[in-house]
Amino acid sequence: MRDQVAAGRQPWLGSWNLLLAARRAELGVKPSPLEVVSRGGTGENFWVMVTDMMRAYHLALRWKVTGDEAYAKDAVKFLNAWSSTLKRLAGDSNRYLASGLYGNQWANAAEVMRTYPGWAKEDVARFQTMLLNVFYPECHAFLTDHNGTEIRKVTHYWANWDLANVCSMYAIGVFCDRQDIVAEASNYYKNGRGCGSHGNNVYYLHPGYLGQWQESHRDQGHSTLGIALAGMLCEMAWNQGEDLYGLWNNRLLAGAEYVAKTNVLVGPPPDYIAYPMPFTPYTGVHGSSTTVSGGDNPRPCWELILNHYVARKGLSAPWTQKMVNKQRPERVDGGDSPGLGSLLYVRDAVAPARPSGLSAVLHEGKVLMSWWGSADATDYLVQRASSSAGPFTTLARVTDPRTYTDAPAAGTWYYRISAVTGQGERVGADTLRVAVPGELWLHLPLNGSTDDLSGNGRYGVLMEGATWGEGRNGSTCVVFDGRRAHVRLVDGVVSALGDYTVAMWVYCDNTGPSSRFFDFGSNDVSYMALTPRESTRPPVPSLMRLMSTRNQFWMPSPLAAPIPPNGRWTHVAITLSGTVGTLYVDGSPVATSPEIWMAPYQFGHTTRNWLGRSQYGGDPFFKGRMQDFRIYSGALTAAAVANLAR
């Protein structure tokens, strides 16, 4: 930053001038510390702290860029005034926004100043104490209890609430040299149940890796705030040697590209034209939505995203690039995040990467592909072969979005992507195999063996009292006692599937409400499951129902049928082709729905995949027997399902 500003180079100088124009880095201003800072309810005064927090950060930056110690002394003046005065945060639930948004930025300002020898050790220690005693407890309380909604509906709070507090916790952990707090923040982002974790803040992955953001239907101010906060968190982690950016095949980039495209409007005002956006219906605590909210939010959050994925990793991010082009140089944000990305984050670019992150799943019986592109590519060649060694034939030339659907003849096919660049063709990093129209994915006979007869190694394990007993026609089957018995399947058992079929023989002794035939997920927020009997209140009838959700809300799931009878063997199967789900009983279709949005790959690498057990700890275990459990890639025909039921 210092070198580029001194040389007068853009965009650094432009962003630097906007920092100066904000007038938060002027000398001689007196701090206004408070003992109690309140956000929400009566007596709000948080803007007093926000103004001083921004002054501390801007003064720290001005010292680093100019080398003038006067700015360092003034920055320390603000840090010391607040660390010696602030005692607690107050207000309604919005105090958790204060703990997150402001604890993060205070810690980052202090981290810049810790290299200043004029900041006394005892003053540094006092500032650490303030962060640990005032901000961290609120962050921890929110992420573990969510203001009393942790058990009832943890998804009550939007993604930005989680992300603010995870950011604050991570920053505090770094500045206070508390690796345990850093690990707590990192673990929540990786595995948390709330809307801000990396698996939940992108609700749905559309073709071309456009990741529908969890708040996209709400408004774009909060959606862009989520991108800003997630970017800050990932950048802090990167600087600590941890790659959160790359989780789940660059999940954050997918969300950023979706939000960016939503906000890239074209044409002169007021005649803006929005790009059409794909949208999967979202039902949550705050109601249901079927469309993305209007765009054109100016929040400065895009340089950070662009720098990592394009300059640092060599990928393409066309919609993020458009937002950077629209906003550069980035200004100061209004207090929720620092902004100034054109000064803080722009770096020289590495060599462009190969196309990567290729996915290929069956969708409506065809092969649906998406991939990450190369920073310098003009377009992409979609290539197919009958052998992984080739030869590969080019099927199509694609620009944007980076997705293609192929309808090959029946057989086993191999796909790869090549980038077309000014230096020639660059072959992608991945080659994927897809069987059309599908294949046996897993087959557990459950006849005294939990081996996978498909040959794919996706075995099962009897758990907590599951035993062998008498099965169909004098054979052997697995017996579930209704107390704790279940079968555990391997991690990620369905994570590469689009279209699918699940089929099994079941014998119900007692179809308890909300018990499970199967449940695939990683927690009680995101899962796909089949219950033999849903939990309802009279006079609503209880049905066998598919439950498939990414945010804890599966009702009303449209795929349901009468409860299987107790006391006899019944064949049950589900197929999904695109978004059309069909439920079969004893080989006959009994229900169908065109609105099953969540294919298995939307759930990622699931870690709790069970037969006979629910993701919810309070739900009853299945009581009965099971045999011949199968999963297929692709939706079997009605005739094929009927054949399994013989």
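Visitor: How many of the 646 residues of the protein chain count as buried, as a percentage?
Guide: In the protein chain, 59% of the 646 residues count as buried, meaning under 20% relative accessible area with a 1.4 Å probe and protein chains only. This is a predicted model, in which local features need pLDDT of at least 70, side-chain atom pairs count only at pLDDT 80 or more, and totals for chains, interfaces and linings use all residues. Residues are numbered from 1 along each chain as its sequence is written, and side-chain values use heavy atoms, with hydrogens and water left out.

Visitor: Now the rings. How many aromatic pairs does the structure hold?
Guide: There are 23 aromatic pairs; rings of Phe, Tyr and Trp (its six-membered ring) pair if their centres lie within 6.5 Å, with planes under 30 degrees apart counted as stacked, over 60 as edge-to-face and the rest as tilted.

Visitor: Why is the pair of W119 and F127 edge-to-face?
Guide: Their ring centres are 6.0 Å apart and the planes stand at 70°, so the pair is edge-to-face. Both W119 and F127 are buried.

Visitor: And how are W119 and F175 arranged, centre to centre and between the planes?
Guide: That pair is stacked, at 6.1 Å centre to centre and 15° between the planes. F175 is buried, as is W119.

Visitor: Which residues form one aromatic cluster?
Guide: The cluster consists of W82, W106, W119, F127 and F175.

Conventions:
Buried < 20%, exposed > 50% of the residue type's maximum accessible area, 1.4 Å probe, protein only.
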